[in-house]
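Here is a short briefing to read alongside the structure. Take a moment to look it over, and then we can walk through the fold, the surface and the aromatic rings together.

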Amino acid sequence: MATIRKELDIEAPAEHVWKALADFYAVHTRVAPGFLTALEAEDGARVVTFANGSVAREILVDCDHEHRRLVYTIPSARLTAHSASFQVFPRGDGACHVTWLTDMLPNDMAPYIDGQMSEGVKVMGETLAAKPGG
């Protein structure tokens with residue numbers, strides 16, 4: 001099983017970043033605008049459209065406010081297994097650290113997923129640091 005890890009330091013308070021990430025149905029506006037171009041909300045899931053035109057149905061698995069951890073999965077014909085999580089850690093200097101993990105099969109999908117995640121963290125870092133009062 002491939003594991004992809006993205007680490008991101010954000011110059012914004014952990015609570016601000018967590019509130020945006022935990023807002024499961026507003027990821028396209030609060031976390032990754034432009035990288036995500038549309039979102040359709042469903043009960044317990046979201047259908048997101050990416051800038052490259054791909055579409056994914058992401059099911060909310062858990063939103064743990066105490067540990068600032070959100071987990072979701074993407075069931076699809078191309079992925080036989082998928083689990084992803086975001087976790088926000090305060091740094092103590094008014095900033096925070098975000099870890100984004102994805103475990104998935106088949107392994108040959110890892111380069112594509114890794115590329116998408118790399119593009120996503122660029123937008124996330126800029127967006128979340130730009131709106132520290134949001």
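How many positive and how many negative side chains does the protein chain have, and how far apart do the centres of the two sets lie? There are 12 positive and 18 negative side chains, and the two centres lie 2 Å apart. Please keep in mind that this is a predicted model.

**Fold and overall shape**

- The protein chain contains seven strands and three helices.
- Reading from the N terminus, the order of elements is β-α-α-β-β-β-β-β-β-α.
- The radius of gyration is 14 Å, close to the 14 Å that the globule rule gives for 134 residues, so the protein chain is as compact as a globular protein of that length.

- Of the 134 residues in the protein chain, 45% count as buried.
- Looking at contacts between residues at least 6 apart in sequence, 49% join residues that are at least 24 apart.
- The protein chain exposes about 6700 Å², and carbon and sulfur atoms supply 54% of that area.

**Aromatic pairs**

- The count of aromatic pairs in this model comes to four.
- One of them joins phenylalanine 24 and tyrosine 25 in an edge-to-face arrangement, with 5.3 Å centre to centre and 85 degrees between the planes.
- Within this pair, phenylalanine 24 is buried, at a relative accessible area of 4%, whereas tyrosine 25 is partly exposed, at 34%.
- Another pair brings together tyrosine 72 and phenylalanine 86: their ring centres are 6.3 Å apart and their planes meet at 25 degrees, under the 30 degrees used as the limit, so the pair is stacked.
- Tyrosine 72 belongs to strand 5 (residues 69-73) and phenylalanine 86 to strand 6 (residues 81-90), so this pair ties together parts that are 14 residues apart in sequence.
- Both tyrosine 72 and phenylalanine 86 are buried.
- Ring pairs also link Tyr72 and Phe86 with Trp100, and the three form a cluster.

Notes. Residues are numbered from 1 along each chain as its sequence is written. This is a predicted model: local features need pLDDT of at least 70, side-chain atom pairs count only at pLDDT 80 or more; totals for chains, interfaces and linings use all residues. Side-chain values use heavy atoms; hydrogens and water are left out. Helices (H or I, at least four residues) and strands (E, at least two) are DSSP runs, numbered from the N terminus. The radius of gyration is taken over C-alpha atoms; the globule rule is 2.2 Å times the number of residues to the power 0.38. Buried means under 20% relative accessible area, exposed over 50%, partly exposed in between (1.4 Å probe, protein chains only). Contact means heavy atoms within 4.5 Å. Accessible areas come from the Shrake-Rupley method with a 1.4 Å probe; for residues, only the protein chains shown count as cover. Lys and Arg count as positive and Asp and Glu as negative; His and the chain ends are not counted. The place of a charge is taken as NZ of Lys, CZ of Arg, CG of Asp or CD of Glu. Rings of Phe, Tyr and Trp (its six-membered ring) pair if their centres lie within 6.5 Å; planes under 30 degrees apart count as stacked, over 60 as edge-to-face and the rest as tilted.
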